[in-house]
Amino acid sequence: MSPAILSRLIYITLGNIFKRRWVSGTIVLASTLVVIVLVGFLSMSEGFRQALNNTGSENIAMLMSGQAQNEMNSQLTREQIELLQSAPGVKKLDGNTLLSSELSVIVGVRTRAENIKRNITLRGMTKYGPVLREGFKLTSGRMFSPGLNEILVGEKIAGEVKGLDVGNTLRLSGSDWTVVGTFSLAGNLFESEVWADLSSVQSAYNRHNQYQSARIALIDKDALFDLTLYSAEDIRLDLAVQSEKQYFSKQTEGMVNLVSYLAWPLAILLSIGTFTGIYNAMQISIDSRRREFVILRQLGFSRWGIFISVLFESLLCSVVGAGVGIGIALLVFDGFIATTMGSSFDSVSYSLSVNGSIALQAFLLSAIVGFLAVCIPAHRGVNQRLAL
Amino acid sequence: MKDAIFTLKKVDKFYSDSNERVGIFDKLDMTIKDGEFCAILGPSGSGKTTLLNILGGVDTINSGEIWFRDTRIDNLNQSQLTRWRAQNVGFIFQQFNLISLLSAQQNVELPLLMTKLTRTERQRKVAAALELVGLTDRAKHKPAQLSGGQQQRVAIARALVADLPVLLCDEPTGNLDRDTSNEVLETLRLLNKDFGKSIIMVTHDQTAQSFARTSFRLDKGTFIEEVLLACA
C-alpha cells in the first residue's frame with residue numbers, strides 16, 4: 001500500500017473521528033476509565049513497594065523472641081537485652097553498643113479531615129533508636145527527652161492526625177504527652193509512627209522491664225550471621241534474628257501481593273466492559289460508513305488498506321483515552337498519601353507512585369483492547385458485498 | 001468491425017435463501033463492443049443493475065463466463081478483481097457516491113492514488129478532469145456544498161481521471177432535473193466520441209436512452225435484444 005493511499009485513508013478516518021464525535025468520545029472515555037482504574041491500583045502497589053524498599057536496612061539487625069511473627073507478639077527480657085550488649089559483629093559508639101530496645105503500643109487518635117478514629121504506633125525507644133533508622137532527619141522541634149512524656153511525630157501522619165502539631169498536648173493512657181518535634185525518614189514506613197522515650201512508654205502503659213524488640217547496628221551485613229550464631233548458642237537468648245529489611249519484607253509482602261493481584265483482575269474485568277463499549281461504538285461507526293467502504297473498494301482500494309484505516313481510528317481513540325487516563329492518574333494519584341492497615345493493626349501511610357512502567361502497562365492494555373474490539377466489526381465492514 | 005470489450009457466455013445468476021431461489025439470468029449470452037455507448041433497458045427487477053455489477057466485477061455469477069477483452073474475469077480472486085477494477089472500470093451512480101469528507105478534487109484524485117503517478121502529476125490530471133466537466137471553480141468544495149448535477153459531474157470526473165477504458169453508469173441522471181441531465185449526458189457522449197470510452201448505462205430515462213448508440217433490452221433475465229439506435 002502506497003503512502004499516498006494510506007495518508008488519504010487516514011485523512012478520511014480522522015475526518016470520521018470528528019464527524020462521529022460521540023462514537024469517538026465513547027471509545028476515548030471507556031479507555032480513560034480502564035486506564036485510571038489500572039493505574040490507580042498499580043500506583044498503590046508501586047507506592048507501597050517503594051515505601052517498603054526505603055524501609056529497613058541490611059546493616060541493622062532486628063531481634064524478637066523466638067516464635068514471634070511481629071513485634072506485637074514478641075517479648076524480650078532485660079537479661080536478653082543485656083546479653084545483646086556484648087554480641088559480636090555490632091557497632092559501638094562512645095564505647096556503647098549501638099542498640100535500641102523498643103516497645104510499641106497501638107494508640108487511638110482522630111484524623112484531622114474526617115475526625116474518624118485511627119490507630120497509630122507509639123514506639124518507645126532508647127536514645128540510639130533514631131540513629132538506628134537510616135535517613136532519620138529532625139524536621140522541626142527537638143528530640144524527646146529521656147524520662148519525660150514527650151513525643152516525636154512522623155511527617156506522614158503529622159498532617160493527617162488531629163493534635164499532632166509541635167507544642168500540642170495529646171492524652172494517651174491517662175497521661176498528657178507533649179509533641180516536641182517531627183521527623184522524616186526518606187518516605188519509609190516508620191514515618192507513620194510516633195516515638196517517645198522507652199522508659200516513659202513502659203511507665204505509662206504499666207509494662208516495666210518489658211521489651212518487644214531490639215535493633216542493633218551491625219558492622220556490616222555479613223555480621224548478621226555471627227549474631228544469629230551468638231543467639232543460637234546461648235540458651236538464654238534463642239531469638240529470631242533477621243535484618244530489618246527482611247523483617248519489613250515479610251510484614252508487608254501480603255499487602256503488596258494483595259494490591260498487585262487485585263489490580264489486574266479488576267482491570268481485566270473493566271477491559272471486558274471497555275471491549276464491549278468499543279465494539280459497539282465501532283460497529284455503529286462502521287455501519288454508517290458501509291457505503292463509503294464499498295465506494296473505496298469499487299475504486300480499487302484494498303480491503304487491507306480500509307481495515308488498517310478503521311484499526312487506526314479505534315487505536316487512535318484508545319490511545320488518546322489512555323493518554324487522558326494516565327494524565328488524570330498522574331494528577332490525582334501520583335504523590336497521594338494513602339493509609340492502610342499494618343500487620344500490627346496500626347496505620348501505615350505511603351505515597352502512591354505512577355511511574356513509566358505503570359503508564360506503559362496501562363497504555364498497552366488500552367491499545368490491545370482497542371485493537372481487539374475493532375477487529376470483528378472492521379472485518380465485517382471491509383468484507384461486505386460490493387454491489388450497492 | 002470493433003472487438004468486444006465484454007463478452008458474457010451462458011451466464012447464470014440467481015439469489016437464493018433457505019426457502020426459494022430467484023433467478024436473474026439464465027444462460028445469458030451478450031457481447032458489448034469496444035468504444036460503444038450502450039444503454040441497458042428493461043423493467044424494474046429485470047436485472048439491469050445486477051448486470052452492471054457483474055460487468056464491474058462487484059457481483060459474482062453462479063455459472064458461465066465473463067470476458068473483458070482477452071481476460072476472463074469471473075474466476076479472478078478478490079485482490080485480482082480489485083486491481084482489475086482500478087485499471088479498467090469507472091463507476092457512475094445515481095446516488096453519486098462521493099466521499100462526503102473529501103473535497104471535489106480529493107474525490108476525483110482517489111482512483112489516481114492506485115497509480116504510480118507523482119503528486120504533481122495527479123494534481124495536473126485532477127485539474128484537467130475537473131475542467132472537462134466544468135467544475136474547476138468548485139475544486140475545493142465538499143459534496144454537500146455542490147448541487148446534484150455538480151456532484152454527478154464530480155463522479156464523472158472521478159470515473160474518467162484515471163483514463164479507464166470503461167465507464168459503468170447506473171441511472172446517472174436518475175436524481176437530476178432535465179437540464180442537468182442533459183448536461184451530464186452531453187459529457188458522457190463527449191467522453192465516448194472524443195475520448196473513445198466505452199460507456200454502459202443502465203437507465204429508465206427515454207432521453208438518456210436517446211444519447212446511446214446501442215441498447216440492450218432485458219426481459220425476465222433471459223432475453224436480450226440489441227437495437228441499433230440512430231446515432232444522436
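Predicted model: local features only at pLDDT ≥ 70, side-chain atom pairs only at ≥ 80, totals over all residues.
On helix H6 of chain B, the exposed residues Asp179(B), Glu186(B) and Asp194(B) sit on the face turned away from the buried side of the helix.

Ser181(B), Val184(B), Leu185(B), Leu188(B), Leu191(B) and Asn192(B) are buried. These residues lie on the same side of H6(B) because the arc they cover around the axis is only 110°. Their packing partners within chain B include three strands of the chain, namely S3 (37-41), S7 (166-170) and S8 (198-202). The buried residues also pack against two helices, H5 (148-161) and H7 (206-211). After H6(B) comes Gly196(B), which has a positive phi, near 70°.

Attention now turns to where the two chains meet. Here 19 residues of chain A are in contact with 16 residues of chain B. On the side of chain A that touches chain B, helix H1 (3-19) and helix H8 (290-298) each supply at least two residues. H1(A) gives the most to this side, contributing seven residues. Sorted by class, the side of chain A that touches chain B holds eight nonpolar residues, six polar ones and five charged ones.

Key
Residues numbered from 1 in each chain as written. Chains lettered and ligands numbered in written order. Contact = placed C-beta atoms within 7 Å. Helix = DSSP H or I, 4+ residues; strand = E, 2+ residues; numbered from the N terminus. Nonpolar A, V, L, I, M, F, W, Y, C, P; charged D, E, K, R; others polar. Buried ≥ 20, exposed ≤ 12 C-beta atoms within 10 Å, placed from the backbone. Arc of directions from axis to C-beta.
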